[in-house]
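Here's a quick look at one protein chain, going from the overall picture down to a single residue. Have the model open as you read.

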Amino acid sequence: MSFAIEVPGEASPLSLQELCRTLQLATSSQDYSQRQSAGQQLSSWESHVDYYASLQLAFLDKSLPHEIRLLAIIQLKNGVDRHWRHHTLQNSIQPRQKEQIRSNLYRGSVGEEDKQLALHNALVVAKITRIDFPQAWPDAMTNLVSLLRETKDGSPGNLSGALTILLRVVKELGTARLRKSQTALQSVTPELVYLLGEIYTSSTAAWTAFLTSGQGDEDTADFAMQNSLTSFKTLRRLLIVGYEFPHKDNTVQQAWNLSQSQFGQFLGFVSHDSPIPAPYLEIVGKHLMQFTKLHLEMAQAHPASFASLPNSFELVRSYWDLVAKFAEVFTKSGGLRQGASTADGEAKSKMEGPLLEKLALKGLLLVRACIKMVNQPQQTFRYRSKEVKEEQSQLIGQVKNDLLKDEFIVQMANIIISHLLIFRQADLDAWEESPEEWEQQEEAQGTAWEWEVRPCAETVLHSLLVSYKHLLVQPLLAYFETAKSPQANIMTKESVYTALGLAAPHLEKQFDFDDFLRSTLINDAQQQGPLCKVLRRRISILTSQWVPIGVSKDSRVLIYEIYRHFLNPNDQNNDIVVRITAGRQFRLVAEDFQFEGQVFSPYAEGVLTELIKLLHQTDIDETKLAILDTTKAIIERMETYVNPFADLIVSALPAIWESETDLGYMLKQAVLTILQSLIMSMRQESKRFHAITAPLIFDSVKEDSDVFIYLIDESLDLWTNILHQSDTPLSQELLSLIESAIRLLGEHTEHHLIYLTIAGSYILLAPEVMLEERWRQPLLKALGDTSTWQHARDQQTVASRYIDFLLRCAEELGKIDGLKVVIQDMMACGFLTQMFEGIHDAYNAHQTSGPNRKQPKVNNLTLTDYFATLSRIAVIDPSTFVDILTSIGPLDQVWPWLSAEWFSNFDCISDDRRRKLNLLALTRLMELGEPMQGLVLAKLQDYFTMWTSVIAPILDEQDPSIDLLVLTDGLESTEWDTPRDLRERALKESDPVSRVNALTFVRDTLSGLVQRVGDQAFQENYLANVDSDVVGSFQKLGTPQSR
């Protein structure tokens, strides 16, 4: 009979027996529905006040199976993470239950024979201590100290459990960044260090006696070795995080001396002729690695203390002697690798490989830390007194003067260059075993210097070159000369070229790379033989490192030839690694500032052809992306010279687009960016690829597709650039996307500004299509809605500009009738109505003042956009504009509030062209007869004031009759102008703002109005009501004294 919990919530009451039964079902049931139901039951019990305390009791019951206890402690650990901190939140653990759990914590590790369970319990203790100590659990560390004192002379198993708890607690507290947590840990550190020192000393003495003289038994020795290792792990962390100034504490100095003396002793235990059995050698090696971590972390975290601690400089020299000793056998070492987990089950990486190589790596890292502490001092925001700063500066100065002496610097550089940069047989074996995987791993070694000797040696050499270039130039130049010798073997050359590449930024003036290329590299690139592929790979990397530094134009041609040669699959020495490396590194050559598409053109077909072939020959997605990046760089830098090879490139893209891999969307992203680069380089010639790109864009902008989620940004960029580079008439493929463009424009998303740009391109390049009946009204509605977005000013401005373009295109294509059709749609979609309502509301709000003052719904900047649209209509045809006014109300009622708001809005317009457009619009209304004529004359003072304020700034200072906004010549074009730019420029040139002299137009229009009214009637009935100073200022316009 199956057991299942069907209903949510607490379907079964919580009891210890029921909890154990549910845990058993969750771990061991073969029925998936039972396991699922058990999981739901456990989740429902999280709200029960005694759930987590019951979990602890189940875990502590050693009569239960291992699986049940493990799940119980894991559930408890997860509960502490989620619900321990705040007891006022839902499902949180209450204070009484917390106290009960804390009282039983140590029992779960002390005396627990299962190391996995003991470890998980220790993790729970650490998490709770991190949260509660010192406020809610002030005696947490005191209890731990007492526990250590109770167990250190008793059962080694109990001591192991106590040490495991302390290690996890110290690791957890050591990561705290709050000052109070750091201070709390530092307050108990001296006692802990003293106690751990005793435990470590006694445990070490026990197992060393067993190994050297056979005293004691194996079980005791095993426990002693584990306990000494755990205690020193904790001790190491306390020495680093538990002291503000470690070098000032006598206990730290004693521990430091002990670590050095035992380092030498234990190193003797693991020598090649050591009689110690293999199982013990591993644990001794772990002790040695703990010593190296202490030395390295002290140098990194407390550089001044490191310099002050006893025999630190001798310690560094000893480490370097170890590095030098290892360097002699470096080529025979098997190398280091990253393991997946530690022996105790922790989910963290560890280093695996020969112990001597691990120790040598730590030696290199320690030297690097010493170089860094001298030349890149540690920066901190923590307050330090003047005395402390002076002391630390003096101690760091000792490192510079007493340790990093000139001869030591040169010695380190020589050993690194001559021994540690050599390509090993282990590297070659890995190459042969999995070529693509090895190449990808070598390229992706971002932090490999932390766990692999050769990358670390390269990093140390780079640090030496940066800080001690003056000492190393001549030794390096002499070393580089060895590569020119006919007797130099391939591995020597590989090492030399590695160093030469690292030194490139530092030897620009001292080393003639152009000569070296002609005299040596060209010949080396053509060598034949089984190891020549190693050299060819390195030459690809070397040239990519030197090209950005600077090479001659002639050398570039040779470099292009070298890369084309390396990409040739018909040469048996060009295996997949050589070709991938060449393809990857050529990106740096193509991206160089001095790269010229015309010079590269003769080599482009060969290089691009092989890159495309390489895409189909590689299996790793990251490699494909790298090759696509190189292809993209070539396309961008060749510009129009890439046109003959465009079909070749595009032909390879569909297969990549269709590939279904883990990085499928990243490959699709690369395809879109390559198409974009190709279109930008080919310009109008790219039209033949619209049939390929339009369907990709169409698929990418479907909002219910995964492609939209991952590729919408790249797709919109591609769409935008295609439109920019497309000549009129637009292709049918692009026109088929109009429906998507308008649909997207109507949606308020984060990409709305790009949607506006796309719609604007269609308005400029295909106005006859956008003005068709099926698109016109939805387009106007979307633009009108955007123009009301007061929270998105940029989008408002762009929308207003495209509405202006649409109105002009309508008049251009259909004359006044075309304009009227668009205006009817603007009225039908509510855009004009919304505009006038906003203006009227602003007028009413501006009539209020004092405590009763109202805020208008539309701000002044939005009003400027509204009046710009109205101005364009009035400039094109003032009669149509008046018809609009009469459609919303009696003209004599609409005009007063509209004109009042319009004239006052001039103060908010900063753009001279827009101010002039408004001036032309209002002035054109003077051309109309009654009833508009009388309404205009009633606002004559506002007209004169506006004319003066708008016209005065745009008149030329030397010749006031010249309107600076009038284009006497066409706008200057450039070679980079796109068809869209040309169309926008043509509209600007034909705009009345650019063609009409404002002062002349105003005077002519005003003169016509005076003639219709009559000069005497105008003077007596209208001009007499205008302030004489205002009239005088207007009359001075166009005369030299007016400015």
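## Ground rules

This is a predicted model: local features need pLDDT of at least 70, side-chain atom pairs need 80 or more, and totals for chains, interfaces and linings use all residues. Residue numbers start from 1 along each chain as its sequence is written, and side-chain values use heavy atoms, leaving out hydrogens and water.

## The whole chain

You'll find 50 helices and two strands in the chain (DSSP runs numbered from the N terminus: H or I of at least four residues for helices, E of at least two for strands). The radius of gyration is 40 Å, well over the 31 Å from the globule rule for 1043 residues, so the chain is more spread out than a compact globule. Both figures concern C-alpha atoms, and the rule is 2.2 Å times the number of residues to the power 0.38.

Even so, 54% of the 1043 residues count as buried (under 20% relative accessible area; exposed is over 50%, partly exposed in between, with a 1.4 Å probe and protein chains only).

## Helix 15

Helix 15 takes in residues 355-375, 21 residues in total, and spans 30 Å from first C-alpha to last, close to the expected 30 Å (1.5 Å times one less than its number of residues). It's largely enclosed by the rest of the structure, because 17 of its 21 residues are buried.

## Thr640

Thr640 sits in the loop between helix 28 (621-638) and helix 29 (646-658). Its relative accessibility is 34%, so Thr640 counts as partly exposed.

Leaving aside residues up to four places away in sequence, Thr640 touches Ser681 and Arg683 (contact means heavy atoms within 4.5 Å). The C-alpha atoms of Thr640 and Ile679 are 9.7 Å apart, with the two residues 39 apart along the chain.
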